[in-house]
Amino acid sequence: MPVTAGPLQTPIDLHRLELLIDAISDYAIYMLGPDGRVATWNTGAARIKGYEAAEIVGQHFSRFFTAEDRAKGMPQTLLASARANGSHEMEGWLQRKDGSRFWCSATIHCIDDENGAFVGFGVIIRDITERMEAQEALRDSERRFRMLVEGVTDYAIYMLDPSGIVVNWNPGAQRLKGYTPDDIVGHHFSKFYTPEDRAAGLPGRVLATAVRDGRYEGEGWRIRKDGSRFWAMVVVDAIRGDDGTIVGFAKVTRDITERRLAQEALRESERQFRLLVAGVTDYALYMLDPNGIVTSWNAGAERIKGYTAEEIIGQHFSRFYPERDRAAGVPARALNTAAQEGRFEAEGWHVRKDGSLFWANVVIDPIRDEHGKLIGFAKITRDVTERRETQKALQEAQEQRAHAQKMDALGQLTGGVAHDFNNLLMVVSGHTQLLKERMAGDTRVVRSIEAIETAAARGETLTRQLLTFSRRHAVTPTVFALNARLDGFRSMMSSSLGAGVQLTVAVDPAAWPVKVDPNEFELALVNIALNARDAMPDGGVIALTAENVALAGSETLAQIAGDFVALRIADTGAGIAPDLLPKVFEPFFTTKPAEKGSGLGLSQVYGFAHQSGGTVTIESEIGKGTMVTLYLPRAAEEPEQVEEPSAIESLPGGTVLLVEDNPEVAEVTTAMLEELAYKVRCVGDAEAALAAVEQEQVDLVITDIVMAGPMDGLALARALRERRPELPVLLVTGYSKALGEASDHFVLLRKPFRLGDLSRIVASMIAEAGQPPGSNVVRLRGRHAAGGMHP
């Protein structure tokens, strides 16, 4: 209906009305002329729309609408509706002066004057953007909640009316119970209960409890559409209206059949565990009260400790400990540790009923109630005496293995050092030999040269001991009987040991022959004997004994097995401290002053014994002496008859091809060969050597084994033998891993070598090859010629 203006009011009344309208700031209240132009404007309109009265009065109200709504003709449509119906209400977007939008609730009324003539429109607008957004948020929340409920498939979530009729149904309910919404909505929820529960009135009690307490929660069997049962956890919440009346129930059901089965399995497991504890016989499993009194006892405890349950229950558990542990308070500390730290575990001696001891592994755990109060202890004891003995044996074996690995690593290191040192000694000794020949008439110079030779010889002895220790020293095993060899050793050493030291030798006449390098054997005996002498500054006895032994693989450090001759060298000296004994075979380890020992003597003994296929052990006691035992492998052959080779009667002469990549060694070797009247052609690698042999007449090739490049000396020797089988090849080296293989097929000469050794070997090899024919020489015996310096 249109609004009709009343009779004219007094100016005072009109002014008050204007003040009232202008004071309202939450509503935009203004008038439009019949054509839709703004005629009045209040403060609320200015605040909501942003226009001042001077800016907007006279303007068409369509500017408040969005461009889309203006394009649709909405302003004219609204005015036409208000004109036709007397008023028009709407909600929608309007636009402020600054272009921003707001959601409004608007009412447009037609205004007639007192004569009923149409004079315009009254517009009342309120900004309800916040309310609209809150409603949108609520709708969005409800939408999301519906999506959540419908998306949950592990829970049946649905509503009941006050009488228990199902009013909605989510996918989780359909999955758990098998009913579709069309199947179940409108039916009473009691059909989910078993016949027994329905007969007992359980569905009704569930709703009554929810009404009375606001919530019902329980577990029980429920029935699916197909008749199968599942164990359900059920929560029913009462839903009340604003006036507090019940409007329905929210019901949540979850299938926890698996959890119930797990709980039942746990209970069954606990029952079986009790049976297990009672039946275990390898462990003593029993309970103690907080004071340590035995309260339970299993069959294992009776077997291990010897007490029956009747004998021990009620007794204090400290009786299982030795007297010294009880006196030291060990039982009480064990319980205190378990109580304070949550567990006690230890190993130690325990006592059986018959008084015998056994090594026990003990675990004590505290037992507390649901409030954390200590109510006792669970104690597990196991007899691990046998395991302890096995662990001790394993630890000893591991220590032996670690020692062997350490010695092997030291051997690899010392072997590399010895190789480089021998090359240096070759240069020194070679030049001193040449100088000695050339300066023979000057006695002072000769004495100086001899001093250098002596020092170089000592260096060679050191490297020989290093190589022997590292088991990389080229050896020539020979079968011999210990009796004859030790007789000669006694004669040699008697003067070296001094008048205060008595050397005795006692060899079992039935001692087997051994197969070892005789030179290394004698050097090992000398090293042991000199160490023994130094340990007896006031004199004493060194006793050598030998007997046959058969080792089974566990008596010695190396775990060797077979037939051996045990050669023992015992002294009556000061002995070696236990902490030093494991180190005596290490290179450079010595307890002597620096000027009295290199620390390589026993290292040579160690390397010799192992390279020979045996081992060495040492025993010592402070104040009583030391005994070193060499285990030498029994020889299968009879002792060899050694024939000394005849001297070479003439030098054949000829051309020698020298292959050496060390310039200093090449220089001194060339000079030594030229001193022996040979022509020398020197090259630095195997490829150059092969080319030289093809291009020149060569009578002998001398090559170092260790050379850089794709082909070493041994490979070169093989290549030459294949191309020129009649050409002799002499291999020289300070040390090489290929020594063993090389010595089986070629003649070897070890660095540093003496001029005389070089002369004899070169002349013999050229003569043996038949160059020149008719030379009167004796052929080399064997394929290995030991070089080295002998001052």
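Two strands count as paired if DSSP finds at least two bridges between them. In this predicted model, L288 has F377 of β13 as its bridge partner. The two strands concerned are β10 and β13 (residues 374-383), which run antiparallel and are joined by 6 bridges.

**The sheet and its helix**

That pairing belongs to an open sheet of 4 strands, arranged in the order β10-β13-β12-β11 with antiparallel pairing. At its edges lie β10 (283-288) and β11 (344-351), each of which pairs on one side only. From one strand to the next, the twist averages 25°. Helix α15 (residues 330-341) packs on this sheet, where it touches β10, β11, β12 (357-368) and β13, and the direction of α15 makes about 40° with that of β12.

**Two helix pairs**

Two packed helices are described by the angle between their axes and the distance between the axes. The table gives both values for each pair, together with the handedness of the crossing.

| Helix pair | Angle between axes | Distance between axes | Crossing |
|---|---|---|---|
| α19 (residues 518-534) and α20 (residues 601-611) | about 140° | 9 Å | left-handed |
| α22 (residues 686-695) and α23 (residues 713-723) | about 20° | 10 Å | right-handed |

For the pair α19 and α20, the axes make an angle of about 140°, and α19 is therefore oblique to α20, given that the label roughly antiparallel is kept for angles over 145 degrees. On the α19 side, the residues in contact are E520, F521, L523, A524, N527, I528 and N531, and on the α20 side they are G601, L602, Q604, V605 and F608. By class, the residues of this contact of α19 with α20 comprise 7 nonpolar, 4 polar and 1 charged.

How are α22 and α23 oriented relative to each other? Their packing angle is about 20°, and the two helices are therefore roughly parallel to each other, since angles under 35 degrees count as such.

Methods. Residues numbered from 1 in each chain as written. Predicted model: local features only at pLDDT ≥ 70, side-chain atom pairs only at ≥ 80, totals over all residues. Heavy atoms only, no water. Axes fitted to C-alpha atoms, helices over the stretch in contact; angles between N-to-C directions. Parallel < 35°, antiparallel > 145°, perpendicular 65-115°, else oblique. Left-handed = near helix turned anticlockwise from the far one by under 90°. Contact = heavy atoms within 4.5 Å. Nonpolar A, V, L, I, M, F, W, Y, C, P; charged D, E, K, R; others polar.
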